[in-house]
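Please work through the exercises below with the sequence and the model side by side. Try each task before you read its solution.

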Amino acid sequence: MNTLQNPLVRIIASVTAGLLLLFYPNAALSTILLVTGIFIGVPSLYTILLYLLSGNQKHGLPFPVMSLVLLLFGCSLILVPSWYIGVTIYVLGGALVLIGVYQLLYLLTLKKTIKRNAGWVAYLLPVVILLIGIEILVNPFSATERIIVATFGAATLLYGITELLFYIRLK
């Protein structure tokens with residue numbers, strides 16, 4: 001099973017990221033980008049080294065170009081996180097919009113599938129996530145970075161709690 005398809009992994013990751021963003025807003029984005037760079041760069045470096053050391057180039061196998069691109073991307077995340085912080089705000093806002101829409105569609109599908117209403121509270125959390133995402137996309141730099149990071153941290157924590165409630169309710 002793909003690790004990201006496991007709901008507990010998503011719940012733990014989102015709650016951890018949300019708490020990190022709320023309690024350490026100044027260092028949170030840089031830390032998240034650093035960890036992401038490491039998670040992208042290390043497997044790519046391993047793939048390239050495995051290719052070079054195993055002699056696959058002698059057997060006519062093509063060079064793993066995608067691994068090289070991902071290695072360069074991971075290194076850039078580690079070495080130049082400040083540029084990505086500006087871009088990340090838009091990406092995170094878009095992610096919140098998509099997550100809010102996804103959760104609303106999921107609830108509507110769940111209502112049709114099991115013929116049971118989820119309750120208004122279940123709809124409230126995805127709507128709040130959706131509105132926070134729209135607010136970040138519309139006004140990303142009007143507030144200070146700390147407020148934006150705290151808002152995203154709260155939304156990410158809210159997403160983790162919502163996923164946990166869905167997980168418990170459907171288990």
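Residues are numbered from 1 along each chain as its sequence is written, and side-chain values use heavy atoms, with hydrogens and water left out.

**Exercise 1. Describe the helices, the strands and the confidence of the model.**

Step 1: Helices (H or I, at least four residues) and strands (E, at least two) are taken as DSSP runs and numbered from the N terminus. Counted in this way, the protein has six helices and zero strands, and the order of its elements from the N terminus is α-α-α-α-α-α.

Step 2: The confidence is given as pLDDT, the predictor's score for each residue, which goes from 0 to 100. The protein has an average pLDDT of 80, and 87% of its residues score at least 70. The mean is lowest in H6, at 79, and highest in H3, at 91. Where pLDDT is low, the predicted coordinates should not be read in detail.

**Exercise 2. Classify leucine 20, threonine 162, glutamate 135 and valine 35 as buried, partly exposed or exposed.**

Step 1: The classes rest on relative accessible area, found with a 1.4 Å probe on protein chains only: buried means under 20%, exposed means over 50%, and partly exposed lies in between.

Step 2: Threonine 162, which has its place in helix H6, counts as buried because its relative accessibility is 1%.

Step 3: Leucine 20 in helix H1 (residues 7–23) counts as partly exposed because its value is 25%. Glutamate 135, in helix H5, is partly exposed because its relative accessible area is 39%, and valine 35, in helix H2, is partly exposed because its relative accessibility is 36%.

Step 4: For the chain as a whole, 33% of the 171 residues count as buried.

**Exercise 3. Describe the largest pocket and its lining.**

Step 1: On a 1 Å grid over the protein atoms alone, a pocket is an open set of points where a 1.4 Å probe fits, with protein on both sides within 12 Å along at least five of seven lines, and its lining residues have an atom within 4 Å of a point.

Step 2: The largest pocket has a volume of about 1,000 Å³, where volume is the space filled by probe spheres set on the grid points, which are joined across faces, edges and corners. Of its 29 lining residues, Ala13, Ala17, Ile32, Thr36 and Leu92 are the closest to its centre.

Step 3: At least two lining residues come from each of H1, helix H2 (25–54), helix H3 (65–79), helix H4 (81–114) and helix H6 (145–170).

**Exercise 4. Describe the nonpolar cores.**

Step 1: A nonpolar core is a set of buried Ala, Val, Leu, Ile, Met, Phe, Trp, Tyr and Cys residues joined through side-chain atoms within 4.5 Å.

Step 2: The largest core has 19 residues, and Leu21, Leu29, Leu96, Ile136 and Phe152 have the most contacts inside it. H2, H4, helix H5 (120–138) and H6 each supply at least two residues of this core.

Step 3: A second, separate core has seven residues, including Val97, Tyr123, Leu130 and Phe166.
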